[in-house]
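Here are a few exercises to work through with the model open in your viewer. Try each task yourself before reading its solution.

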Amino acid sequence: MRTVDLQIEDIVFGGKGVGREHGKAVFVPFTVDGEFISAKITRDKKKLAEAEVVDVRKPSSHRIEPRCPYFGRCGGCAYQHIDYSHQLEIKTSQVRDVLQRIGQIKDIPLRSIVPSPSPYAYRNRITVHAEDGVIGYFRRDSHRLIDVECCPIAMDEVNRELKDLRARKVPDGHYTLRARSGPRIFSQTNDAVATALRDLVIALVPPNQQLLVDAYCGAGFFAKALIDKFERIVGIDWDRFAIAAANENVTAKETYVAGDVEAGLRSALHECDKDRTVLLLDPPATGLGLRVREAIGDTAPATLIYISCNPSTLARDLGDFRHGFEIRSITPLDMFPQTAEIEVVAELRRLD
Ligand SMILES: C[S@@+](CC[C@H](N)C(=O)[O-])C[C@H]1O[C@@H](n2cnc3c(N)ncnc32)[C@H](O)[C@@H]1O
């Protein structure tokens, strides 16, 4: 395949740099906006191309030496070659761009991104895979494994677990290694940013509310911190182990239901004082299903707080709510430094 010279214009959501060859977008991973590179085209389509860097001819001042020996081969990190403050700038502009482009949202009330106090050694759990004596992560764009001795974005306790696992002869399979033991249910990955996220949600919820519906509540990470602001709390999650954990030490105000949010949200929002109802949404990366979006449109709770781990599906869903709700604030949080992932909190109020 041929080699092209490009100037990288932008780093798009997902982590790739984009340059143009005769107007056609060429996506190149492990680049930095502003720099001049030579890249080998690996996939050439009518409207876009994919390429790999062969030479950084004029590097960006934000380019730094990656810390991890597996960086570039491992499928986990995308930004170790970019200094941390520029990673934060890139993620902020990606959130703005995706909301404008996919959600057709103008005048985005974007707040400053919440950084991670530790840009490395922050993950409190990792999942590694074992196959034929190799223990590690999948290679980028492949299902082949790289043997990984240490993961610099994981906490020291997690890397000790990895060392122990590698010292044993384990059967092929997937292994989730954790900094501390606990039930096998969803938990936030970066403790310090999770605390900042919970504090932000508490600050966004108005006082003296009647009902909180915590959709996709897990073990009640948010609901339990919000008890004082509500007369009643209903949490819904289809993971019955998470619901069992939420039901340990419940107060009379709280009800946690094991079930599908798609099926249960409408009735949870039914017959309440809509003006004093808050709906908290923390869905998986796929975002909200159509039935959930319709139930929100029809029941119109006064306050919506949407916590998203995928700006693209957030943008789609917010685009749907445009006519019934005002977006009061959008706050990105860097839950996953060095990777392309972005967490975002959107605060919406019903339009009357
Ligand atoms: C991003 S996690 C959030 C969990 C929780 N809010 C927390 O912070 O710990 C998403 C949760 O949604 C749940 N979930 C995914 N799809 C669901 C559905 N259709 N109905 C109910 N729960 C669902 C998963 O079990 C998971 O606990």
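A salt bridge here is a side-chain nitrogen of Lys or Arg within 4 Å of a carboxyl oxygen of Asp or Glu. Keep in mind that this is a predicted model.

**Exercise 1.** Find how far apart the closest N and O atoms of Asp275 and Arg350 are, and decide whether each residue is buried, partly exposed or exposed.

*Solution.* Start with the distance: the closest N and O atoms are 2.5 Å apart, and the pair forms a salt bridge. Asp275 sits in the loop between α5 and β14 (277-281), while Arg350 belongs to strand β17 (residues 343-350). Finally, check accessibility, where buried means under 20% relative accessible area. Arg350, at 18%, is buried, whereas Asp275 has 49% relative accessibility and counts as partly exposed.

**Exercise 2.** Work out which strands are tied together by the salt bridge between Lys24 and Asp44, and which network these residues join.

*Solution.* First, the geometry: Lys24 and Asp44 have their closest N and O atoms 2.7 Å apart. Lys24 lies in strand β4 (residues 24-28) and Asp44 in strand β5, so the bridge ties together parts 20 residues apart in sequence. Asp44 is partly exposed, at 37% relative accessibility. Then follow the shared partners: Arg2, Glu21, Lys24 and Asp44 are joined by salt bridges into one network.

**Exercise 3.** Describe the salt bridge between Arg57 and Asp5.

*Solution.* Arg57 is in strand β6 and Asp5 in strand β1 (residues 3-7), so parts 52 residues apart in sequence are tied together. Arg57 is partly exposed at 42% relative accessibility, and Asp5 is exposed at 52%. For the whole model, the count comes to 22 salt bridges.

**Exercise 4.** Characterise the largest pocket by its volume, its lining and the element that supplies the largest share.

*Solution.* Begin with volume: the largest pocket holds about 1200 Å³ of space. It is lined by 49 residues, and those closest to its centre are Ile185, Phe186, Ser187, Gln188 and Gly218. Now sort the lining by class, which gives 21 nonpolar, 14 polar and 14 charged residues. Last, look at the elements: α3 supplies the largest share, three residues, and α4 (240-246), α5 (261-269) and β15 (303-308) each give at least two.

Conventions
Residues numbered from 1 in each chain as written. Predicted model: local features only at pLDDT ≥ 70, side-chain atom pairs only at ≥ 80, totals over all residues. Heavy atoms only, no water. 1 Å grid on protein atoms, 1.4 Å probe; cavity = no way out; pocket = protein on both sides within 12 Å on 5 of 7 lines; lining within 4 Å. Points joined across faces, edges and corners; volume = space filled by probe spheres on them. Helix = DSSP H or I, 4+ residues; strand = E, 2+ residues; numbered from the N terminus. Nonpolar A, V, L, I, M, F, W, Y, C, P; charged D, E, K, R; others polar. Buried < 20%, exposed > 50% of the residue type's maximum accessible area, 1.4 Å probe, protein only.
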